[in-house]
Structures are given as C-alpha cells and as structure tokens.
Amino acid sequence: MLNDMEIAENVEIKPIEEIARLLGLNEENLEEYGKYKAKISPGTKIEGKGKTGKLIMVTAMTPTPAGEGKTTTSIGLADALSHIGEKAVVALREPSLGPVFGMKGGATGGGYAQVAPREEINLHFTGDIHAITAAHNLLSAMVDNRLHFDGSCGLLDCRRVTWKRVMDMDDRVLREVVIGIGGPLRGIARETGFDITAASEVMAIFCLAVDLKDLKERLGNILVGYAPDRKPVFARELKADGAMAALLKDALQPNIVQTLEGTPALIHGGPFANIAHGTNSVIATRMGLQLADYVVTESGFGADFGMVALRLRLVAQASLTHTFCRTRQTIVNEDVVQAVSIVGNEIGSE
C-alpha cells in the first residue's frame, strides 16, 4: 500500500491559475508564490457578491494524540461535492512547525484526501506564521524597551508583565526563562517565557479580524501587563498596534492551493483550539462563502472546544451571524472506534 507521500508524489497537480478559475478568479486576483500556491489580492472584486454559500463544519469527539482525521474528512467531503458537480472549497488552518516536527506530524490530510503541495504547506508555506511570530515578538521587544527606559515601575510594573514571546517550534526548555541579565544595558532582569506561535493571541486576533483596520484595533487592545497601581496596560499605549499591523498586512490575504483531486483549498491562519477558536481565518471563510456554493471547514480538538468556539465566539465576533441564520449549516461529527476505546478505558479506570 502506498503511503501519504507516495500518493501525493504520483499526482500531477494543476497550476494555481487553473484552480483559481474554478472560483471565478483570474491571474490579476492572485499574488503567486511559485506555480502551485498563491495569495488572493485584497482588492479582488467577486462576481455575484452578496450571495452566500452553505457552511459545512467538521468536528469530532474528544481527540486522541494521533488526531481523529478532521482535516482528512474535510478534504474528502469537499472533493466529493466537487465530484458531483457542486462548486465547493475547503477552508483549513495552516500547519504549525511544532506539531509538524513533533509526534503529530503534518496537517495536510492523508491518503487520497490531501492538499498540495504538501511539503510547502507543512513547512514555510507563504510565511504567514513567521509574520505572526514577528508581530508578536515586536510587541515583546517594545515592552522590554519601555521597561528599560522607564525603570522597573514606570508605565509597566516589571513584576506584572503578562506578555511573553513566541516561536513556531516545540522547545520546552524555553517555556520559562529569565531575561535582561548581563548588566544595565541589557534591560531589567525578569522572568518570562516562550509559547508556540499557534497559541499566540496575535494568531487568534489575526484569524478573527475582518480587515486591516479591524486587525489594528484588535492588536491595540492586547493586554501586556499592569502598571504599578495595577491598572491594565494595553499595546496601543506602547504605540505598537500600527507597527504590528504593518508586519501582518500581506499575511492577511488568504492563501489558495488545491486538493489532490483539484478542489480549491483556502488555507489561512492556525490558532489552537484549547486557547482560541481553533479554526481558519474569518477572512478566508467569508471569501469562500462568496466564491463557492459550499465551504467545508474544520474546528480544532473536539466538539467541546472547536465547534463551540466556532459557533459562539467566531460567529458572534466576525459578522458571520447573518450567514449562519439565513443559510443551512451542517455539522459533521466524527466518532472513531480508536477514540471511543481510549476514552472509554480512561473513564473506566477512574
């Protein structure tokens, strides 16, 4: 039997312009990153704008360490809809390098239900996650710069800074660190740590924003710590919101690729579901609903995390409420025998 990589290597995928035409997009609407992936330009005029497709959400029961195949099911379902002549698109999250090089592996599906080019998507893709990492760490640098010039009890109390740093990699030794050592020119010594970029608040904000203006406003509302009088201090008080938004300007454009069967795929953003809403960006979902008759998306972790977050947080905050109310929404729930067995044994042992 062929493995996932061998299956993908045996498929000749189409140029991205050909895939984009299936959604009514032409070359002028694309900013290409090689032959097989592109960003959709922000000024794209969508034919028949005002129409709204149907949203299909794939979720699952409590997941196991190997995952339950929500991405694979989403891709397969979108391919099936395309196969029967429906205009469909799959909207997915971008893979994080942490899981890609960890136990879980990549996030491009499996078997014959994969998105391509799989290696490029799983690695640097179009650089969105790197841009989010840079924007997050810019704010971190500005926090410590303010501490350095203000002293330990200026605008910020150095003991009550809540904003950490991030990197797109699993590295447990950096979860708690001490910075600012080495003398007066190195800043104020304090404890902090690193999170993974997919767990960054900037990632969550990136996926909730509806445009650049909204993104900047949300970034300005980030809580970075507390003043000596315990009043909250926000990113806008450090004047970081504009610079962070500038770093994310190009990343905010959705990415278009394809499945192995040639179905269009929008892959954009990748927040974790245990600390955020666990699904792809609002911008990609809304664009998909305008371009296609069916949008298949997935919500991270189990139904108790991702599905609830998508229906409550994402819909309420992203003006998708109208879409959910006026169109038929379908929820696909996966119940995998392996997961039933593992969860059942855990409950039994208690």
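**Entry 1: Ser200**

Which backbone nitrogen lies 2.9 Å from a polar atom of the side chain of Ser200? I looked it up, and the nitrogen belongs to Val202. I note at the start that this is a predicted model.

I then placed Ser200 in the chain. I found Ser200 in the loop between β10 (194–196) and α7 (201–208). Is Ser200 buried or exposed? Its relative accessibility is 3%. The cut-off for buried is under 20%, so Ser200 counts as buried. I also listed what Ser200 touches, leaving aside neighbours within four places in sequence. Ser200 is in contact with His136 and Val166.

**Entry 2: Ser96**

My next serine was Ser96. I located Ser96 in the loop between β4 (88–92) and α4 (97–100). I read a relative accessible area of 7% for Ser96, so this residue is buried.

Which side chain makes a polar contact with the side chain of Ser96? I found Asp168, at 2.8 Å. Asp168 is also in the list of residues that Ser96 touches, along with Ile129, Ile196 and Ala198. That list does not count residues up to four places away in sequence.

Ser96 and His124 are 28 residues apart along the chain. Their C-alpha atoms are separated by 9.2 Å.

**Entry 3: Ser140**

I moved on to a helix. Ser140 is found in helix α6, which covers residues 128–150.

I looked for partners of the Ser140 side chain. I found a polar contact with the side chain of Trp163, at 3.2 Å. Not counting residues up to four places away in sequence, Ser140 touches Trp163, Lys164 and Arg165.

**Entry 4: Ala243**

Here I picked an alanine. Ala243 lies in helix α9, residues 241–248. Is Ala243 buried, partly exposed or exposed? I read 34% relative accessibility. Buried means under 20% and exposed means over 50%, so Ala243 counts as partly exposed.

I also checked Ala243 against Leu219. The two are 24 residues apart in sequence. From C-alpha to C-alpha they are 10.0 Å apart in space.

**Entry 5: rings**

How many aromatic pairs does a search of the whole structure find? I found zero. I did find a charge over a ring. The charged end of Arg236 sits over the ring of Phe234. I noted 4.6 Å from the charged end to the ring centre.

**Entry 6: the whole chain**

I stepped back to the chain totals. I counted 13 helices and 16 strands. The chain has 350 residues, and buried residues make up 49% of them.

The chain exposes about 16700 Å². Carbon and sulfur atoms supply 54% of that area.

**Entry 7: confidence**

The mean pLDDT of the chain is 87. I noted that 83% of the residues reach 70 or more. Where is the pLDDT below 50? I found this over residues 321–329. Beyond near neighbours in sequence, this stretch has 16 contacts in the model. Where pLDDT is low, the predicted coordinates should not be read in detail.

How values were computed: Residues are numbered from 1 along each chain as its sequence is written. This is a predicted model: local features need pLDDT of at least 70, side-chain atom pairs count only at pLDDT 80 or more; totals for chains, interfaces and linings use all residues. Side-chain values use heavy atoms; hydrogens and water are left out. pLDDT is the predictor's confidence in each residue, from 0 to 100. Contact means heavy atoms within 4.5 Å. Rings of Phe, Tyr and Trp (its six-membered ring) pair if their centres lie within 6.5 Å; planes under 30 degrees apart count as stacked, over 60 as edge-to-face and the rest as tilted. A charge sits over a ring if NZ of Lys or CZ of Arg is within 6 Å of the ring centre and within 35 degrees of the ring normal. Helices (H or I, at least four residues) and strands (E, at least two) are DSSP runs, numbered from the N terminus. Buried means under 20% relative accessible area, exposed over 50%, partly exposed in between (1.4 Å probe, protein chains only). Accessible areas come from the Shrake-Rupley method with a 1.4 Å probe; for residues, only the protein chains shown count as cover. A polar contact is a pair of N or O atoms within 3.5 Å; within protein, one must be able to donate a hydrogen and the other to accept it, and residues adjacent in sequence count only if both atoms are side-chain atoms.
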